[in-house]
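Here are some friendly notes for a colleague opening this model for the first time. Please keep the structure beside you as you read, and take the points in order.

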Amino acid sequence: MAGAGALAGRPVTIIGAGIGGLTAALALARRGASVTVLERAGALREVGAGIQVSPNAARVLDALGAGADFTTVSAPSHGVTLRDAAGARVLHMDFAKARPAAAFRTVHRARLIEVLDRAVRAAGAAIRLDSPVEVLPDAPLLIGADGLHSRVRAALNGAETPFFTGQAAWRALIALEPGAANGAQVFMGPGRHLVSYPLAHGLRNIVAVEERTAWTPEDWSRPDDPDTLRAAFARFGGPVPGWLAQVTECSIWGLHRHQVAARWHDDRRAILGDAAHPTLPFLAQGACMAIEDAWVLAACLDADADQPRALTRYQALRRPRCVRIVQAANDNARNYHLSGPRRMAGHTALRLADRLAPRAVFERFAWVYDYDPTAIDPAPAPPTVARSA
Ligand SMILES: Cc1cc2nc3c(=O)[nH]c(=O)nc-3n(C[C@H](O)[C@H](O)[C@H](O)COP(=O)(O)OP(=O)(O)OC[C@H]3O[C@@H](n4cnc5c(N)ncnc54)[C@H](O)[C@@H]3O)c2cc1C
């Protein structure tokens, strides 16, 4: 793997074996670092749910040698169709036409974790399960991939309680109907929307989001009664009632987040993924950003033996992009849930765009999908030399 080789033999401790921590372990180990991952869970389990993985993240999986394994467990996604609550088409964003060579895919989170786990172990990194970190270890390099409640984030930025975003999301899996169309469908109603897409191996993923004023449960996610989900989306039409009729179990998440962290590192600690920039899932980029972070962090550390300077470069390369993505996901939340005259006007404008300039809609998001983390220049910017007049 190209790089100056500054990581060779260096010990790195990572807290968290989620998608971000495992990708970081892989990226660092493949550059020669001696990596240990500490995970509090006793097994790498994932609650049944799918995610969309766009080309910006798929490029990293390819570059880390996990692309073929990932392709086997994931399904292609040819686009996103926005529909109104009745099921009528509002707009179609055609990935396959806009970027035929790029990998837009969907995957069960557990399958992606398995792919990463296999690759991390093959690369020689150690994963220690049942290892909750209560006090941050005094490691020469400590990476916090410890999610929304990150201790490393708190050490760098001060303790903050995540805030409730006013959105709750159910997730469910059902069997995929024969001949199901490829790609994601988003059904938009006042104050709520439902996203569904096929996964590999005969499954359909459902994410149903409802605005709420408060989230009281102590836990962030919990199993819920499928009838509550059905009641919340009872006014939706098209295929939605048939899909929801099949849900036998589901969980609900109160969606919480922080602002994007102001400080991503000090001289020997850094954060990535949800620890740095938890986001609403309405642009399907939370895990994708974590995967991008992982590559860029390893590339910066490998390119520059001066660790504090490499970590400064990492934050400079990553933070502006993550701020922009988090904002775009917030904007989607507002646009999906419009009601009354604003909804009518919004949907009419989208329908017009669909007819007159369908490619232009994709191009508005091209900055998300065309980004290639493996092509960034990880080297520190040369010092500015003062010149006399
Ligand atoms: C409804 C919904 C839909 C989504 N859909 C998409 C999508 O389509 N595409 C997409 O890209 N993203 C999506 N996301 C976002 C994505 O799931 C997250 O952004 C991503 O999983 C974050 O990964 P992470 O590794 O940073 O954190 P996490 O997955 O939270 O992993 C953190 C890990 O650290 C461990 N840990 C925490 N504290 C400690 C400790 N003290 N000691 C030891 N271990 C610790 C945890 O056990 C966990 O394993 C969605 C999210 C939601 C809620």
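1. Let us start with serine 54, whose side chain makes a polar contact of 2.6 Å with the side chain of asparagine 56. A polar contact here is a pair of N or O atoms within 3.5 Å; within protein, one must be able to donate a hydrogen and the other to accept it, and residues adjacent in sequence count only if both atoms are side-chain atoms. The side chain of serine 54 also pairs with that of glutamine 285, at 2.8 Å.

2. A word on the source: this is a predicted model, in which local features need pLDDT of at least 70 and side-chain atom pairs count only at pLDDT 80 or more, while totals for chains, interfaces and linings use all residues. Residues are numbered from 1 along each chain as its sequence is written, and side-chain values use heavy atoms, with hydrogens and water left out.

3. Where does serine 54 sit? You will find serine 54 in the loop between β3 and α2 (55-63); helices (H or I, at least four residues) and strands (E, at least two) are DSSP runs, numbered from the N terminus. Serine 54 counts as buried because its relative accessibility is 5%, where buried means under 20% relative accessible area, exposed over 50%, and partly exposed in between (1.4 Å probe, protein chains only). Beyond its neighbours within four places in sequence, serine 54 is in contact (heavy atoms within 4.5 Å) with Ala103, Phe104, Gln285, Cys288 and Tyr369.

4. Now follow the chain to asparagine 56, which belongs to helix α2. With a relative accessible area of 0%, asparagine 56 is buried. Neighbours within four places in sequence aside, the contacts of asparagine 56 include Gln285, Cys288, Glu292, Arg321 and Tyr369.

5. Buried residues in α2 are Pro55, Asn56, Ala57, Ala58, Val60 and Leu61. Just past α2, glycine 65 has a positive phi of about 80 degrees.

6. Next, the ligand. Which residues come nearest to the ligand? Of the 30 residues around the ligand, those are Gly20, Glu39, Gln52, Arg109 and Asp274; a residue is near a molecule if one of its heavy atoms lies within 4 Å of it. An oxygen atom of the ligand lies 2.8 Å from a polar side-chain atom of aspartate 274. Backbone atoms take part as well: a backbone N or O atom of valine 133 is 2.9 Å from a nitrogen atom of the ligand, and a polar backbone atom of alanine 284 is 3.2 Å from a nitrogen atom of the ligand.

7. How much of the ligand does the protein cover? On its own the ligand has 1000 Å² of accessible area, and the protein covers 87% of that; accessible areas come from the Shrake-Rupley method with a 1.4 Å probe, and for residues only the protein chains shown count as cover. Two or more residues of the shell come from each of α1 (19-30), β3 (50-53) and α9 (286-303). Of the elements, α9 gives the most to the shell, with three residues.

8. Please look again at alanine 284, in the loop between β16 (269-271) and α9. Although alanine 284 is not a glycine, its phi is positive, at about 55 degrees. Alanine 284 is partly exposed, with a relative accessible area of 23%.

9. Histidine 201 also has a positive phi in a residue other than glycine, near 60 degrees. Histidine 201 lies in the loop between β12 (192-199) and β13, and counts as exposed because its relative accessibility is 61%.

10. One more loop, between β13 (203-211) and β14 (221-224), holds threonine 213. Is threonine 213 buried or exposed? At 83% relative accessibility, threonine 213 counts as exposed. The C-alpha atoms of threonine 213 and glycine 166 are 5.6 Å apart, although the two residues are 47 apart in sequence.

11. Finally, step back to the whole chain, which has 13 helices and 16 strands. Buried residues account for 54% of its 389 residues.
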